[in-house]
Amino acid sequence: MTEKKYNAVITGVGGYVPDYVMTNQELAQKVETSDEWINTRIGIKERHILKIENEGTSYMGERAVKQLLEKTNTDPSEIDMLICGIVTPDMQFPATANIISDKTGIKNAFGFDLNAGCSSFLYALNAASKYVESGTHKKVVVVGADKMSSITDYTDRATCPIFGDGAGAVLLEPTEDKNYGLIDTTMQVDGSGRKHLHQVAGGSQKPASFQTVLNREHFIYQEGQPVFKAAVSKMADVSVDMMKKHNIAADELDWFVPHQANMRIIEATAKRMGISKDIVMINIHKYGNTTSATIPLLLLEWEDKIKKGDKLIIATFGAGFAWGSTYMRWGY
Ligand code: UT7
């Protein structure tokens, strides 16, 4: 394999969560549940919900990208690509990436949406990195955004406590210094897992009809247990393999950045990696599972603590099944 000319490195992070906070107590008024059950079984206390009528995921993506551009002192005209990792696009078409680009004044770019369930942001980050590494694209925005409340059934106690809304975005740029940026990635899908986690209707297989609405088939369908088991084993496998491949001992890793689906999944994965809880980024208690937004929102919250050169492993698992892990060294 020829040596790549550049590494793709994250040079800034932005994010946005809506103001409205939905507590466990509020959910307990909608379905038969309790703050205690949600806390102990999932690890969530509250989540943010986008309540503004006629506003979709792009509303949050726009705000995350605007913050990113401002923080990195980047003019929208400099951006040459924007990829949006997303499960809940504003509409089936066109791509929400196009809508976000339009709303943020990004006019010299091309882009697309990428849907890999809860792994969407990680997959988008790695897709974007290939353009940056090849030298064809110099300033690439990668967004991870979802309005999960738009497909959450607030009469189903097995799924409604889990999800929240939010958006995050990173800027990816080339560097010739191979000590920084994305070093390695593993990504894997197993489509047979789709039976455990999907949206029944609204696609070409089962278009929307009165009946699909009556049957509540436009909401998330999830069988929690098989998803839980697969998430623990796959996220741990790829993370442990990544550590071994790069000779990273447990005490040499600076940060573990896991997808935020369930506190017990995060803890089990960290345990298998043998790492201290102190280096595990966690915000599930206040945001829930924001699907594509979990990873950039974590990076944003920890941005002040991460140091240049720090070793990070990101790991995700979600619908598809689609999972993966990325090893990177922080660049600023
Ligand atoms: O990011 C996308 C990928 N998704 C995931 O990673 C999610 C993975 N799965 C999970 O996180 C967990 O399986 C859930 C949080 C979805 C469910 O937790 P669990 O510990 O697997 O519970 P369970 O489905 O086995 O249900 C245990 C009991 C059941 O009652 P019985 O049958 O034992 O009487 C459920 O009916 O808990 C009941 N239950 C609830 N009770 C109170 C289910 N949801 C609730 C609830 N409040 N909200």
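Me: How many of the residues of strand 12 are buried?

Reply: This is a predicted model. Buried here means under 20% relative accessible area. In strand 12, residues 311-318, eight of its eight residues are buried.

Me: Which residues point which way from strand 12?

Reply: K311, I313, A315 and F317 point one way. L312, I314, T316 and G318 point the other way. Both sets are buried.

Me: Which strands pair with strand 12, and in what sense, parallel or antiparallel?

Reply: Take one neighbour at a time. Strand 11, residues 255-258, pairs with strand 12 in the parallel sense over four bridges. There, W255 has L312 as its bridge partner. Strand 13, residues 322-329, runs antiparallel to strand 12, and eight bridges join them. In that pairing, K311 stands opposite R329.

Me: How many residues lie between strand 12 and strand 13?

Reply: Three, and the two strands form a hairpin. Look at the turn for its phi values. G320 has a positive phi of about 150°.

Me: How is a pair of aromatic rings described?

Reply: By the distance of the centres and the angle of the planes. A search of the whole structure finds six aromatic pairs. Take F317 and F321: the ring centres are 4.9 Å apart and the planes are at 50°, so the pair is tilted. F317 and F321 are both buried. Elsewhere, ring pairs link F110, F112 and Y131 into a cluster.

Me: Where does the charged end of K51 sit?

Reply: For a charge over a ring, check the distance to the ring centre. The charged end of K51 sits over the ring of Y20, 4.7 Å from its centre. K305 lies over the face of W302, at 5.3 Å from the ring centre.

Me: Why should helix 3 span 21 Å?

Reply: The expected span is 1.5 Å times one less than the number of residues. Helix 3, residues 57-71, has 15 residues, so at 1.5 Å a residue the span should be 21 Å. Its end C-alpha atoms are 21 Å apart, which agrees.

Me: Which residues of helix 3 are buried, and what do they pack against?

Reply: List the covered residues, then their partners. The buried ones are T57, S58, Y59, M60, G61, E62, A64, V65, L68 and L69. They pack against strand 1 (7-16), strand 4 (81-85), helix 4 (96-104), strand 6 (140-147) and strand 7 (165-175).

Me: What follows helix 3?

Reply: N73 follows helix 3, with a positive phi near 55°.

Definitions and conventions:
Residues are numbered from 1 along each chain as its sequence is written. This is a predicted model: local features need pLDDT of at least 70, side-chain atom pairs count only at pLDDT 80 or more; totals for chains, interfaces and linings use all residues. Side-chain values use heavy atoms; hydrogens and water are left out. Buried means under 20% relative accessible area, exposed over 50%, partly exposed in between (1.4 Å probe, protein chains only). Contact means heavy atoms within 4.5 Å. Rings of Phe, Tyr and Trp (its six-membered ring) pair if their centres lie within 6.5 Å; planes under 30 degrees apart count as stacked, over 60 as edge-to-face and the rest as tilted. A charge sits over a ring if NZ of Lys or CZ of Arg is within 6 Å of the ring centre and within 35 degrees of the ring normal. Two strands pair if DSSP finds at least two bridges between them.
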